Amino acid sequence: MAVNDSVDPAGWLAKQIEQQDPDLLRSMVKTMAEALMSAEADSRCGAGYGERSSERTNSRNGYRTRDWDTRAGTVELAIPLRQGSYFPDWLLERRRRAEQALISVVATSYLLGVSTRRVDKLVEQLGITGISKSQVSQMAKTLDTQVEAFRTRTLDAGPYTFLWLDALTQKVREGGRIINVHVLVATAVNANGQREILGLEISSREDGAGWLSFLRGLVARGLSGVHLVISDAHAGLVDAIGACLPGASWQRCRTHYLRNLLTCVPKSAQPWVATLVRTIFDQDGPEAVLAQHQWVIDALATKYPAAADHLETSREDLLAFAAFPKEIWKQIWFNNPQERLNKEIRRRTDVVGIFPDRPAIIRLIGAVLSEQTDEWSEARRYMGVEVLAKARLKLIHGDTPTTHRLPDTLTA
């Protein structure tokens, strides 16, 4: 979404960001405020923190904490100390203006990939002068460091029995033109039953090579114990799963599959076919699921043979969930939880519209995903520990359903 030239971009961005997650904004404000204070203290000392310089006129000697009340919530700041005294005037004077300006700085740098000229101009609203381009860039690096630590952390909370994969498209400027890139996201349930976002990567294409590289990176960081991968039918994904996650099966998202299946029948018949297919998932056990799947195929075969063939070909991928305990079927037979996460991502990325570069995409989406993972870690379990153990035990014993047909008297 582009910003009208007649509208103040800083104020507009601040308003957009303020309406989003307050915890994320509060963290961003804290990071930027402390970076600004550190840069200002370095300027007054005549040299950077820990830097040896003949131009140094003072030195730093620790920090003191102070609460700063903002509309994004109370922020605990670490104010740098020096010989003598130091306190940022903008924390005391023109507090409302200072807060608005700081949020503008955060929003602009965070969402637009950090233009040093733009940030430097906005910082002047706080009454701070003399911030160099290198110091402004350092503020961005602080945010990038936090996101990078999240993206590259060791995955040590496994086994990750269930893994959801999805991709969403974002626009970015590269080589003087606007192109689409694919943001690959992996979410899993860890050994404690909590949902956890495992990784984020940008790929020029959503193909087998992109997924293969992404999954290899996750495995290198510690991804293990995956029994089922849930996703849409992304190109090359099944081959990548076989190469990187041996022993894992693939569950094709039932929601996306149904949309694909309905293209095989006339529009007038789509409601009836959709209702028929949904009965497959209303069964009480794996044998009943397989039997109903075959019954639906037989029901479609005469009138809509293309749909019947489509459904029969997709049997293994669509019914992979039936090999696991019934208590978690509703959580593993589609990719809807990942879709809800994508909506949360797009709620923020739509503010930007077109990203200036790929690092800006990583910075924004990575921070959103990091915040979401923190929230999930404090929320109730997505799956019980007992049912996860039951799911793993069920597969170890090879307790998987077998395909069979109902008697002709029942399918007639």
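Predicted model: local features only at pLDDT ≥ 70, side-chain atom pairs only at ≥ 80, totals over all residues.
Helices (H or I, at least four residues) and strands (E, at least two) are taken here as DSSP runs, numbered from the N terminus.

**The chain as a whole**

The protein chain contains 17 helices and eight strands. It has 412 residues, and 50% of them count as buried. Its accessible surface comes to about 19,500 Å², with 49% of that belonging to carbon and sulfur atoms. If you take the contacts between residues at least 6 apart in sequence, 66% of them join residues at least 24 apart.

Most peptide bonds are trans. The bond from Gly-158 to Pro-159, however, is cis, and its omega is near 10°.

**Glu-196, a buried glutamate**

Strand β5 covers residues 195–203, and Glu-196 is found in it. Is Glu-196 buried or exposed? Its relative accessibility is 9%, and because buried means under 20%, Glu-196 counts as buried. Leaving aside residues up to four places away in sequence, Glu-196 touches Arg-153, Leu-155, Ala-157 and Tyr-160, and also Ala-186, Thr-187, Ala-188 and Asn-190, along with Thr-373 and Trp-376.

**Helix α11 and two of its partners**

Helix α11 (residues 305–313) packs with helix α8 (residues 254–262), and α11 also packs with helix α10 (residues 286–301). Here are the two pairs:

| Pair | Angle | Axes apart | Crossing |
|---|---|---|---|
| α8 and α11 | about 150° | 10 Å | right-handed |
| α10 and α11 | about 160° | 7 Å | left-handed |

The cut-off for roughly antiparallel is an angle over 145 degrees, so α8 is roughly antiparallel to α11. The contact between them uses Tyr-257, Asn-260 and Leu-261 from α8, with Ala-307, His-310 and Leu-311 from α11. Sorted by class, this contact of α8 with α11 has four nonpolar residues, two polar ones and no charged ones.

At its angle of about 160°, α10 is therefore roughly antiparallel to α11 as well. Which residues of α10 and α11 meet? From α10 come His-293, Val-296, Ile-297, Leu-300 and Ala-301, and from α11 come Pro-305, Ala-307, Ala-308, Leu-311 and Glu-312. By class, the contact of α10 with α11 has eight nonpolar residues, one polar and one charged.

Terms used: Residues numbered from 1 in each chain as written. Heavy atoms only, no water. Axes fitted to C-alpha atoms, helices over the stretch in contact; angles between N-to-C directions. Parallel < 35°, antiparallel > 145°, perpendicular 65-115°, else oblique. Left-handed = near helix turned anticlockwise from the far one by under 90°. Contact = heavy atoms within 4.5 Å. Nonpolar A, V, L, I, M, F, W, Y, C, P; charged D, E, K, R; others polar. Buried < 20%, exposed > 50% of the residue type's maximum accessible area, 1.4 Å probe, protein only. Areas by Shrake-Rupley, 256 points an atom, 1.4 Å probe, with all protein chains shown as cover.
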